[in-house]
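Here are my notes on the model, as numbered points. Please read them with the structure open.

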Amino acid sequence: HSVFYFVRLFANDFQFSVSMFDTLFLLSWLTVTISLLISYLMRIEFLVLFLSLVGFSVVIFNLWNDRAAVSFVNEALISNVLLFVHILLGMGSYVAFLIAALFSFMYLFLHRKLKEKQWSGTMQRLPSLEKIERYSYLSVAIGVIFLLTSVTIGSISMISLDRANQLIDYKVLNSVLILIGYGFYLLQRFFLRWPGHKLSIWGLICFAFVFINYTAANWISDFHHWIWM
C-alpha cells in the first residue's frame, strides 16, 4: 500500500489527486495501517480481522473504479495541502467510527452471551465489557475531532470566498447530523450514563449515517460530486 501510494504521488509530482480511486485507496491504506497498529498495541484479534477484511474489500472494490474518475471539489479548497488535510481527516474520522462500530458490535455480542450465560472460546478472546466500552468511546471521540476539523476547514474555505450558500448541501448537512449524533453519544457517556448496550446500539445507528454519508451522499451531493470521465 505505502510503496504504491508513494510511487503514485511521485508520478503526479506529489500533487494529491481527488479521484475516487485515490480517496478509496487512502481509506483502505488508513484501515490496514490502523489494524496493524492495533494488532501490535492491543492484540484484539477479532477487531484486526474485521478491519483487515474491510480494507481488503475496499481494495477489491477499487479495482473496478476508473482511475480517471475525478471529483468536482469546490474551488474553495485551492491549496493542495488544505485539500489533503481536509480529505485525510475525513477518511480518518470514517475509520475511527468504523472501529467504534466494531467495538459496539463486540460489546452487544459479549453482553448477550454473558447475560444468557453461554460461555465459549470466542468470549475468552474478547476484552472485558469495560474495556470494549472505553475503546469505543475513545474511537468516537477521535472520530468527532477529525470530522469536526475536516468540516471546519471546508466551511471556512467556502465562507472566505463568500459562498456560504453552497454549504446547504446533502453531504455537509449529513456530516453535521453525524456530529450531532455522536455528540449525543458522548453526552450520554459522560453525563446521563446510559448502560453500555444502549450506547452500543446508538453507536451502530450513528455509523449507519456515516456509511450513507460516504456512499449515497457522494452521488447526490453538489459539494462532493463524482463524475466518470
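1. Surface first. The protein chain exposes about 12600 Å², and 70% of that area comes from carbon and sulfur atoms. Keep in mind that this is a predicted model.

2. Burial overall. The protein chain has 229 residues, and 45% of them count as buried.

3. Fold content. Nine helices and two strands make up the elements of the protein chain. Their order from the N terminus is α-α-α-β-α-α-α-α-α-α-β.

4. Contact range. Take the contacts in the protein chain with a separation of 6 or more: 78% of them join residues 24 or more positions apart.

5. Threonine 31. This residue sits in helix α2, which covers residues 20-41. Is threonine 31 buried or exposed? Its relative accessibility is 1%, so it counts as buried; the cut-off is under 20%. Its side chain reaches the backbone oxygen of leucine 27 at 2.8 Å. Beyond its neighbours within four places in sequence, threonine 31 is in contact with Leu51, Val54, Gly55, Val95 and Leu98.

6. Proline 127. Look at the loop between α5 (121-124) and α6 (129-160), where proline 127 lies. Proline 127 counts as buried because its relative accessibility is 14%, and the limit is under 20%. With neighbours within four places in sequence left aside, proline 127 is in contact with Ile44, Leu110 and Ile132. Tyrosine 107 is 20 residues away from proline 127 in sequence. The C-alpha to C-alpha distance of this pair is 9.2 Å.

7. Helix α7, length check. Does the span agree with the residue count, or disagree? What should the 23 residues of helix α7 span? At 1.5 Å a residue, residues 170-192 should span 33 Å. The end C-alpha atoms are 31 Å apart, so the two values agree.

8. Helix α7, buried residues. Lys171, Val172, Asn174, Ser175, Ile178, Leu179, Gly181, Tyr182, Tyr185, Leu186, Gln188 and Arg189 are the buried residues of α7. An α-helix has 3.6 residues a turn, so residues three or four places apart point the same way. Among the buried residues of α7 are Lys171, Ser175, Ile178 and Tyr182.

9. After helix α7. Arginine 193 follows α7. Its phi is positive, near 55°.

Notes
Residues are numbered from 1 along each chain as its sequence is written. This is a predicted model: local features need pLDDT of at least 70, side-chain atom pairs count only at pLDDT 80 or more; totals for chains, interfaces and linings use all residues. Side-chain values use heavy atoms; hydrogens and water are left out. Helices (H or I, at least four residues) and strands (E, at least two) are DSSP runs, numbered from the N terminus. Buried means under 20% relative accessible area, exposed over 50%, partly exposed in between (1.4 Å probe, protein chains only). A polar contact is a pair of N or O atoms within 3.5 Å; within protein, one must be able to donate a hydrogen and the other to accept it, and residues adjacent in sequence count only if both atoms are side-chain atoms. Contact means heavy atoms within 4.5 Å. The expected span of a helix is 1.5 Å times one less than its number of residues. Accessible areas come from the Shrake-Rupley method with a 1.4 Å probe; for residues, only the protein chains shown count as cover.
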